[in-house]
Amino acid sequence: TMLTSGTGCGKTTFVKEFIYNILRTTEHHIGLVSLEESTSETVRGFLSLDLNKRVGLPGVDSTVEEEKAAFDRVLGTGRVQLLDHAGSVQDASLVDKLEFLALTGCRFIVLDHITVAVSESINENVNAAIDSLMSSLLKIVKRHDVHITVISHLRKVGGGAKSFEAGGKIEMDDLKGSGSLKQISSQVIALSRDLSADSALERNTVRVNVLKDRYTGATGHAGSYIFNETTGRLEEAMAPELADFKKED
């Protein structure tokens with residue numbers, strides 16, 4: 001599954017909620033390779049989800065006992081593996097580590113994100129590096145029957161079009177890099193958000209759109225979430241454009 005959005009529009013937060021939900025509702029093991037944040041930042045994010053408060057921010061108080069209890073509930077079970085990989089895929093080490101996660105029982109694997117993973121590719125042939133990595137990910141999925149979520153950045157908007165950070169419409173061709181990002185992925189999901197909206201509610205509303213689903217063919221709006229600035233959680237919301245339809249229904 002390919003997940004994308006504009007810069008700062010909530011990809012990492014959305015994925016953490018996804019992982020946290022799996023931990024709460026299943027017995028599956030999860031592997032997370034985050035190339036943009038340190039392991040300590042990742043851990044702090046999961047503690048915040050469990051405690052419903054943004055641990056580490058000024059003015060947010062939490063005791064050592066609270067954080068220890070949250071750690072034990074979320075990460076202390078041994079069901080989450082966090083790998084700190086700061087390199088590129090030119091030496092195949094990233095692919096090896098992803099396969100290691102699958103071999104050690106991780107049913108769900110998250111790569112956050114592919115743009116950084118190939119940023120130091122040999123001869124600066126980024127598209128070729130993406131093609132190779134996407135092919136390797138597909139082989140891992142087929143070989144080990146696991147689910148891999150990959151986060152991708154978007155291309156810059158040109159021609160004076162509305163930026164993605166201002167709520168601009170996202171298409172599959174906007175994925176940054178090779179066409180294999182959309183071709184190999186079974187699903188492509190886009191998160192849209194207007195970071196500069198006048199309304200705080202609008203600024204914090206994330207709309208989910210399915211751009212591709214190989215298995216069902218279903219595409220379109222797939223729900224909306226509001227980022228709660230106090231708890232740091234995503235709360236399900238109704239998109240404004242569906243409110244009238246719901247009333248009529």
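I began with the largest cavity, which holds about 60 Å³ of space. For my own use: on a 1 Å grid over the protein atoms alone, a cavity is a set of points where a 1.4 Å probe fits but cannot get out, and lining residues have an atom within 4 Å of a point. Grid points are joined across faces, edges and corners, and a volume is the space filled by probe spheres set on the points.

I noted that this is a predicted model, where local features need pLDDT of at least 70, side-chain atom pairs count only at pLDDT 80 or more, and totals for chains, interfaces and linings use all residues. Residues are numbered from 1 along each chain as its sequence is written, and side-chain values use heavy atoms, with hydrogens and water left out.

**Entry 1: the cavities**

I searched the whole structure and found two cavities of 30 Å³ or more. Which residues line the largest cavity? I listed Leu-32, Val-33, Ser-34, Glu-37, Ser-38, Thr-39, Thr-42, Leu-82, Leu-83 and Asp-84. Strand S2 (29-34), H2 and strand S3 (80-83) each give at least two residues to this lining, and S2 has the largest share, with three residues. I use the labels as DSSP runs numbered from the N terminus: helices are H or I of at least four residues, strands are E of at least two. By class, I counted four nonpolar, four polar and two charged residues in the lining of the largest cavity. The classes are these: Ala, Val, Leu, Ile, Met, Phe, Trp, Tyr, Cys and Pro are nonpolar, Asp, Glu, Lys and Arg are charged, and the others, Gly among them, are polar.

The second largest cavity has a volume of about 40 Å³. Its lining is made of Thr-12, Val-15, Lys-16, Ile-19, Leu-32, Ser-34, Glu-37 and Asp-112. Helix H1 (11-25) and S2 are the elements that give two or more residues here, and H1 gives the most, with four. I sorted this lining into three nonpolar, two polar and three charged residues.

**Entry 2: the pockets**

Next I looked at pockets; a pocket is an open set of points with protein on both sides within 12 Å along at least five of seven lines. The largest pocket has a volume of about 610 Å³. It is lined by 26 residues, and those closest to its centre are Thr-13, Lys-16, Arg-54, Phe-227 and Gly-232. H1 and H2 are the elements that give two or more residues to its lining. I read off eight nonpolar, 10 polar and eight charged residues for the largest pocket.

The second largest pocket holds about 320 Å³ of space. Of its 17 lining residues, Thr-1, Leu-138, Val-141, Ile-148 and Ser-186 are the closest to its centre. H6 and S5 each supply at least two residues, and H6 gives the most, with five. This lining has 10 nonpolar, five polar and two charged residues.

**Entry 3: helix H2**

I followed H2 from end to end. It has 13 residues and reaches 18 Å from its first C-alpha to its last, close to the 18 Å expected at 1.5 Å a residue. The expected span is 1.5 Å times one less than the number of residues. Which residues of H2 are buried? They are Thr-42, Val-43, Gly-45, Phe-46, Leu-47, Ser-48, Leu-49, Asp-50 and Leu-51. Buried means under 20% relative accessible area, exposed over 50%, and partly exposed in between (1.4 Å probe, protein chains only). The buried residues of H2 pack against H1, S2, H3 and S3.

I placed Asn-52 in the loop between helix H2 (39-51) and helix H3 (64-74). Asn-52 counts as partly exposed because its relative accessibility is 39%.

Asp-145 is not a glycine either, and has a positive phi of about 55°. Asp-145 sits in the loop between helix H6 (126-144) and strand S5 (147-152), and is exposed, at 54% relative accessible area.

Where is the cis peptide bond? I found it joining Asp-112 and His-113, with omega about 0°. His-113 lies in the loop between strand S4 (106-112) and helix H5 (114-117).

**Entry 4: confidence**

Last, I checked pLDDT, the predictor's confidence in each residue, from 0 to 100. The chain has a mean of 87, with 89% of its residues at 70 or more. Confidence is highest in strand S6 (residues 187-192), at 95, and lowest in helix H9 (residues 240-248), at a mean of 46. Over residues 242-249 pLDDT stays under 50, and the model has three contacts (heavy atoms within 4.5 Å) beyond four places in sequence for them.
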